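Morning, everyone. Let me put the model up, and then we will go through it piece by piece.

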Amino acid sequence: MKSFIVFAVCVAVAIAAPASPDADAQILRYDNDNIGVDGFNYAVETSNGIAASEQGQLVNPGTDNEAVVVRGEYSYTGPDGVLYRVTYIADEKGFQPQGAHIPA
C-alpha cells in the first residue's frame with residue numbers, strides 16, 4: 001500500500017509539472033490483472049519508454065502480522081539518454097529500492 005501512495009504522489013507531481021516533450025506520450029500497454037482481496041498485479045508501458053509493473057500479495061491473512069508485500073520495478077530514459085531501472089520490494093522492512101544508479 002505504501003508503494004501505491006508513493007506512486008500516486010509521483011503521478012501527482014508529474015501532472016503538476018510544466019509540460020515537457022513527454023506530455024504527448026501515449027499508453028501502449030496497461031495490464032490490470034487480479035486486483036482483489038488477496039493481492040494485485042499491474043503493468044504499464046508508455047510511448048516515451050517509461051515502463052512499470054507491480055505485484056502485491058497478502059501475507060499472514062487473519063493474523064496480527066497481516067500485511068501486503070509489494071514487489072515491482074520501473075524504468076525510464078533520463079535526460080542524459082541513460083536507461084534507469086529500479087526494482088523494489090515494500091514489506092515490513094519498508095520500501096527497499098535497488099538500481100545501478102542508487103548508492104548502496
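Before I go on, the ground rules. This is a predicted model, so local features need pLDDT of at least 70, side-chain atom pairs count only at pLDDT 80 or more, and totals for chains, interfaces and linings use all residues. Residues are numbered from 1 along each chain as its sequence is written, and side-chain values use heavy atoms, with hydrogens and water left out.

Back to aspartate 31. What does aspartate 31 form a salt bridge with? Its partner is arginine 29, and their closest N and O atoms are 2.5 Å apart. By salt bridge I mean a side-chain nitrogen of Lys or Arg within 4 Å of a carboxyl oxygen of Asp or Glu. Arginine 29 is partly exposed too, at 33% relative accessible area. The side chain of arginine 29 also meets that of glutamate 45 in a salt bridge, 3.0 Å from N to O. That pair links distant parts of the chain: arginine 29 sits in strand 1 (residues 27-36), glutamate 45 in strand 2, 16 residues apart. Glutamate 45 is partly exposed, with a relative accessible area of 32%. Put together, Arg29, Asp31 and Glu45 are linked in a network of salt bridges.

How many salt bridges does the structure hold? The count is 3. One of them joins glutamate 73 to arginine 85, with the closest N and O atoms 3.2 Å apart. Glutamate 73 lies in strand 4 and arginine 85 in strand 5, so this pair ties together parts 12 residues apart in sequence. Both ends are partly exposed: glutamate 73 has a relative accessible area of 30%, and arginine 85 has 45%.

Now the overall layout. The protein has 1 helix and 6 strands. Along the sequence the pattern reads α-β-β-β-β-β-β. Helices (H or I, at least four residues) and strands (E, at least two) are DSSP runs, numbered from the N terminus. Of the 104 residues, 23% count as buried.

Next, the inside. Which residues make up the largest nonpolar core? Phe40, Tyr42, Val70, Tyr88 and Ala90, 5 residues in all. Strand 2 (39-46) and strand 5 (83-91) are the elements that give two or more residues to this core. A nonpolar core here is a set of buried Ala, Val, Leu, Ile, Met, Phe, Trp, Tyr and Cys residues joined through side-chain atoms within 4.5 Å.

Alanine 90 stands opposite phenylalanine 95 in strand 6. Strand 5 and strand 6 (residues 94-98) pair in the antiparallel sense over 5 bridges. Two strands pair if DSSP finds at least two bridges between them. A hairpin joins strand 5 to strand 6 through 2 residues.

On to the rings. There are 3 aromatic pairs. The rule: rings of Phe, Tyr and Trp (its six-membered ring) pair if their centres lie within 6.5 Å; planes under 30 degrees apart count as stacked, over 60 as edge-to-face and the rest as tilted. Tyrosine 76 and tyrosine 84 have ring centres 5.5 Å apart and planes at 25 degrees, so that pair is stacked. Is tyrosine 84 buried or exposed? Tyrosine 84 is buried, at 18% relative accessible area. The rings of tyrosine 88 and phenylalanine 95 have centres 5.3 Å apart and planes at 45 degrees, so they are tilted. Tyrosine 88 is buried at 10%, whereas phenylalanine 95 is partly exposed at 40%. Tyr74, Tyr88 and Phe95 form one aromatic cluster.

Last stop, tyrosine 76. Tyrosine 76 lies in strand 4 (residues 67-77). With a relative accessible area of 31%, tyrosine 76 is partly exposed. Together with Ile50 and Tyr74, Tyr76 forms a nonpolar patch on the surface, with about 250 Å² of accessible area together. Thank you.

Terms used
Buried < 20%, exposed > 50% of the residue type's maximum accessible area, 1.4 Å probe, protein only. Patch = residues over 30% accessible without salt bridge, like charges linked within 9 Å, V, L, I, M, F, W, Y side chains within 5 Å. Areas by Shrake-Rupley, 256 points an atom, 1.4 Å probe, with all protein chains shown as cover.
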